[in-house]
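Reader: Can we walk through this one? Keep it short, please.

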Amino acid sequence: MEVVIVPDAKAGGELIAEAMAKLLRRKPGALLGVATGSTPLPVYEALAAKVRSGAADVGRARIAQLDEYVGLPAEHPESYRSVLRREVLEPLGMGMDQFTGPDGTAEDVQGACEAYDKALSDAGGVDLQLLGIGADGHIGFNEPCSSLASRTRIKTLTEQTRIDNARFFDGDIDQVPHHVITQGIGTILEARHLVLLATGEGKADAVAATVEGPIAAVCPASALQLHPHATVVVDEAAASKLKLADYFRHTYVNKPEWQGI
């Protein structure tokens, strides 16, 4: 696992966007896995700027969704499909024909989960999966003690998660769905390159557990230690609990430029 410590969220966004741009130059039809939330926004903003300047071409690229609410209509403004359309597809000038995600409205939810796993496989697999991390170490909606071999499946949201997400639903927790479809940890680990972005002191403990702690279901993100190409990009605040921070800085400064991240 490579750990890159950057000054701030903007620098992290630029670094990851450049990695995406390089991937697209090498593989124009790459499948990019994206996440929702505020943390990845600098990545999408930096990539959109590269598209506008001609430094990146997403004309043949594809976008894959990490998770989705169950029972929320696709056109609902807070469905993750709608959020990604606003925050990723439209700024990049991409159409919904370049997007793939699970069907959160399906009557057969388990069938929809299995269908999405198959769709990702049939598409050739995710080339680069962008991840955020929760303060408890969750990735996607794989909460602590999720199976490290789990596939795309339905998960029940904790009460705290529903309280946290109520701000997107006019502060009304009753509007927040109880269930989500999420790529499982085993599904996530099949992506060719995993890039986790974490910013802020509130993520410092989770980052330390992910990078330097044991591989354990209590910290789902620690499963990234099993991946052959995982990159963790953190700002100084999120890196504040890392015992090997100086080593990570040294290795990054001295790595060959052609390696990228």
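Reader: Is E78 buried or exposed?
Author: E78 is buried, because its relative accessible area is 18%. Buried means under 20% relative accessible area, exposed over 50%, and partly exposed in between, with a 1.4 Å probe and protein chains only.

Reader: What kind of model is this?
Author: A predicted model: local features need pLDDT of at least 70, side-chain atom pairs count only at pLDDT 80 or more, and totals for chains, interfaces and linings use all residues. Residues are numbered from 1 along each chain as its sequence is written, and side-chain values use heavy atoms, with hydrogens and water left out.

Reader: Back to E78. Where is it found?
Author: E78 is in the loop between β4 and α3. Helices (H or I, at least four residues) and strands (E, at least two) are DSSP runs, numbered from the N terminus.

Reader: Which residues is E78 in contact with?
Author: Leaving aside neighbours within four places in sequence, E78 contacts Y69, L72, V83, R86, F168 and F169. Contact means heavy atoms within 4.5 Å.

Reader: And how far apart are E78 and E68?
Author: Their C-alpha atoms are 9.9 Å apart, and E78 and E68 are 10 residues apart in sequence.

Reader: What does E68 stand opposite?
Author: E68 stands opposite I181 in β8. Strands β4 (residues 67–69) and β8 (residues 179–182) pair antiparallel over three bridges. Two strands pair if DSSP finds at least two bridges between them.

Reader: Which strand do four bridges join to β8?
Author: That is β7 (residues 153–156), and the two run antiparallel. R153 is opposite T182 in β8.

Reader: Switching to aromatics. How many aromatic pairs are there?
Author: Four, from a search of the whole structure. In the pair of Y69 and F169, the ring centres are 5.8 Å apart and the planes are at 80 degrees, so the pair is edge-to-face. Rings of Phe, Tyr and Trp (its six-membered ring) pair if their centres lie within 6.5 Å; planes under 30 degrees apart count as stacked, over 60 as edge-to-face and the rest as tilted.

Reader: Which parts does that pair tie together?
Author: Y69 lies in β4 and F169 in the loop between α5 (159–165) and β8, so the pair ties together parts that are 100 residues apart in sequence. Y69 is buried at 1% relative accessibility, and F169 is buried at 2%.

Reader: Which residues form the aromatic cluster?
Author: Y69, Y80, F141 and F169 form one cluster.

Reader: Now helices. At what angle do α2 and α3 pack?
Author: About 10 degrees, with the axes of α2 (residues 41–53) and α3 (residues 80–92) 9 Å apart. The two are therefore roughly parallel.

Reader: Which residues make the contact?
Author: L41, Y44, L47, A48 and V51 come from α2, and E87, V88, P91 and L92 from α3. Eight of the contact residues are nonpolar, none is polar and one is charged.

Reader: And the sheet? What is the strand order?
Author: Seven strands form an open sheet, in the order β1-β10-β9-β6-β2-β3-β5, with parallel pairing. The edge strands, β1 (2–6) and β5 (99–100), each pair on one side only. Strand β3 (residues 62–65) pairs with β5 over two bridges, and I63 has F99 as its bridge partner in β5.

Reader: Last one. Is D117 buried or exposed?
Author: D117 is buried, with a relative accessible area of 14%. D117 is in helix α4 (residues 109–122). Not counting residues up to four places away in sequence, D117 touches R151, T152 and T187.

Definitions and conventions: Axes are lines fitted to C-alpha atoms, for helices over the stretch in contact, and angles run from 0 to 180 degrees between N-to-C directions. Angles under 35 degrees count as roughly parallel, over 145 as roughly antiparallel, 65 to 115 as roughly perpendicular and the rest as oblique. Ala, Val, Leu, Ile, Met, Phe, Trp, Tyr, Cys and Pro count as nonpolar, Asp, Glu, Lys and Arg as charged, and the others, Gly among them, as polar.
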